Amino acid sequence: MTALPRQTLRIGFVGTGFIARFHLQSLIGVRNVEVTGVYSRKAENRERFAEAVRELELGICRPHGSLDHLLSAGDVDAIWILSPNYTRLEVMRTLHAEIKAGRSQVFAVACEKPLARTVAEAREMLHLAQDAGLNHGYLENQVFCTPVLRGKEIIWRRAALTTGRPYLARAAEEHSGPHEPWFWQGDKQGGGVLSDMMCHSVEVARHLLTAPGAARNSLKVKAVNGTVANLKWTRPAYADQLRQRYGNEVDYRNRPSEDFARATVTLEDEEGRELMIEATTSWAYVGAGLRIQLELLGPEYALEYNSLGTGLKIFLSRAVKGSEGEDLVEKQNAEQGLMPVLEDETGVYGYTDENRHMVECFRKGVKPLETFEDGLAVVEILMGLYRSAEIGATLHFPAPELETYVPLVARTGV
Ligand SMILES: NC(=O)c1ccc[n+]([C@@H]2O[C@H](COP(=O)([O-])OP(=O)(O)OC[C@H]3O[C@@H](n4cnc5c(N)ncnc54)[C@H](OP(=O)(O)O)[C@@H]3O)[C@@H](O)[C@H]2O)c1
């Protein structure tokens with residue numbers, strides 16, 4: 001039995017890629033935490049990550065060449081699962097087995113979005129966490145974005161209280177396409193942009209519409225309507241570009257996943273009032289970089305946020321030459337002209353507050369704001385949207401057919 005609260009939570013990372021670097025960087029803004037272990041299949045990756053932990057003075061991080069070693073190390077309290085979507089279940093099954101066999105003292109787990117590729121997988125993730133007695137957190141950073149935290153607090157305290165609850169949330173997340181081949185492969189990732197990015201949009205929109213402190217089931221999903229499309233990356237020149245960049249396994253001439261998705265989600269609140277989420281996501285947006293747009297509308301008020309409308313802008317003339325980078329904004333597309341700059345990406349995108357929240361909840365044995373139950377509910381909505389797009393009709397909830405549903409682009413052999 002683990003005695004809580006712990007003074008310091010000792011984290012073990014599974015994965016050392018793009019998002020692991022974001023999480024690590026954000027932890028310099030989190031108290032009562034150390035990073036004591038990392039598992040990666042490649043020695044150079046885990047050594048580099050352990051060195052970065054040392055440089056940031058976030059603890060003595062031991063690199064592990066096997067997941068079992070990390071989980072049974074004895075100096076790790078919680079696991080952050082930051083590996084690709086197709087590895088989730090493998091990691092959770094191993095964690096479950098190690099705990100059940102009495103070889104692991106790990107008592108909490110946090111998992112990046114989306115929780116799983118299908119409802120069946122997400123249900124198993126939740127079951128494994130519960131059966132192993134783990135406290136579990138679902139890592140949806142947009143819920144913790146600083147404009148979302150501040151905006152939601154003001155709207156609900158000042159406007160909704162006096163004039164009535166919000167009824168419409170709009171969310172969009174768009175960029176020019178992911179950075180690793182597995183994201184583009186429907187079976188590995190679970191779908192295309194709908195699976196990859198709509199998970200953010202539906203959850204942040206639902207969160208904005210939910211009264212502060214109210215349970216997830218205070219809003220019920222009544223129906224979903226989705227559209228998917230291939231706007232850019234199936235064009236022959238762009239499909240060939242993907243193949244050159246990532247090899248034959250990414251074949252958008254013959255096996256594309258959607259690069260655009262649109263959703264409407266109809267919800268009902270506790271008093272039977274209709275609420276609406278409108279969301280769009282795309283891998284076909286070429287602007288300065290990643291663009292997140294959020295709106296929350298009610299009878300006498302409106303919230304609006306655009307991640308590229310930054311206070312800090314830098315102009316670089318055509319005489320300024322340099323290598324390509326992502327040093328101004330995530331998924332940056334240019335190095336000249338008038339460029340928006342996010343001076344604190346880990347803070348504004350929500351990673352710092354997300355990790356602070358998870359660390360404090362795990363340390364004290366408190367249920368986090370976002371759990372695997374929320375991750376499962378998100379996957380149910382995503383699968384409903386894929387099914388709706390496939391049949392060309394609105395899907396009404398509850399929809400038992402989603403229990404075994406696999407999106408068209410994720411079915412192998414299709
Ligand atoms: N919240 C967000 O906005 C956001 C943004 C990006 C990604 N994500 C999510 O974060 C997760 C990782 O994405 P990423 O962009 O970081 O991917 P990535 O850059 O491809 O990194 C994946 C990492 O996982 C490791 N890995 C690969 N196969 C593995 C396996 N079988 N078992 C254990 N580890 C394995 C790789 O390291 P080795 O090769 O060294 O083992 C690599 O360090 C995904 O679920 C993604 O959806 C979230």
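Helix axes are lines fitted to C-alpha atoms, over the stretch in contact, and the angles between them run from 0 to 180 degrees between N-to-C directions. Helices (H or I, at least four residues) and strands (E, at least two) are DSSP runs, numbered from the N terminus. The structure described here is a predicted model, in which local features need pLDDT of at least 70 and side-chain atom pairs count only at pLDDT 80 or more, while totals for chains, interfaces and linings use all residues. Residues are numbered from 1 along each chain as its sequence is written.

Two packed helices are described by the angle between their axes and the distance between the axes. Helix 5 (residues 119-131) packs with helix 13 (residues 372-391) at an angle of about 175 degrees, and the two axes are 9 Å apart. Helix 5 and helix 13 are therefore roughly antiparallel to each other, a description kept for angles over 145 degrees, whereas angles under 35 count as roughly parallel, 65 to 115 as roughly perpendicular and the rest as oblique. On the side of helix 5, Val119, Ala122, Arg123, Met125, Leu126 and Ala129 take part, and these meet Phe372, Glu373, Gly375, Leu376, Val379, Glu380 and Met383 in helix 13; two residues are in contact if their C-beta atoms, placed from the backbone, lie within 7 Å. Sorted by class, this contact of helix 5 with helix 13 has nine nonpolar, one polar and three charged residues, where Ala, Val, Leu, Ile, Met, Phe, Trp, Tyr, Cys and Pro count as nonpolar, Asp, Glu, Lys and Arg as charged, and the others, Gly among them, as polar.

A further helix pair is formed by helix 1 (residues 18-26) and helix 12 (residues 351-364), which pack at an angle of about 75 degrees with their axes 9 Å apart. That angle makes helix 1 roughly perpendicular to helix 12. Phe22, His23 and Ser26 of helix 1 make the contact with Tyr351, Thr352 and Asn355 of helix 12, and the residues of this contact divide into two nonpolar, four polar and no charged.

The shell has 20 residues, of which Gly15, Gly17, Ser40, Arg41 and Ser83 come nearest to the ligand; a residue is near a molecule if its C-beta atom, placed from the backbone, lies within 6 Å of it. By class, the shell consists of six nonpolar, nine polar and five charged residues.

The UniProt record, an unreviewed entry, places the feature "domain: Gfo/Idh/MocA-like oxidoreductase N-terminal" at residues 9-133; UniProt positions are given in the numbering used here, feature names are shortened, and annotations may be inferred rather than shown by experiment. The span of residues 9-133 is 43% helix and 20% strand, and its end C-alpha atoms lie 17 Å apart.

A cis peptide bond, with omega about -20 degrees, joins Lys113 and Pro114, and Pro114 lies in the loop between strand 5 (108-112) and helix 5.
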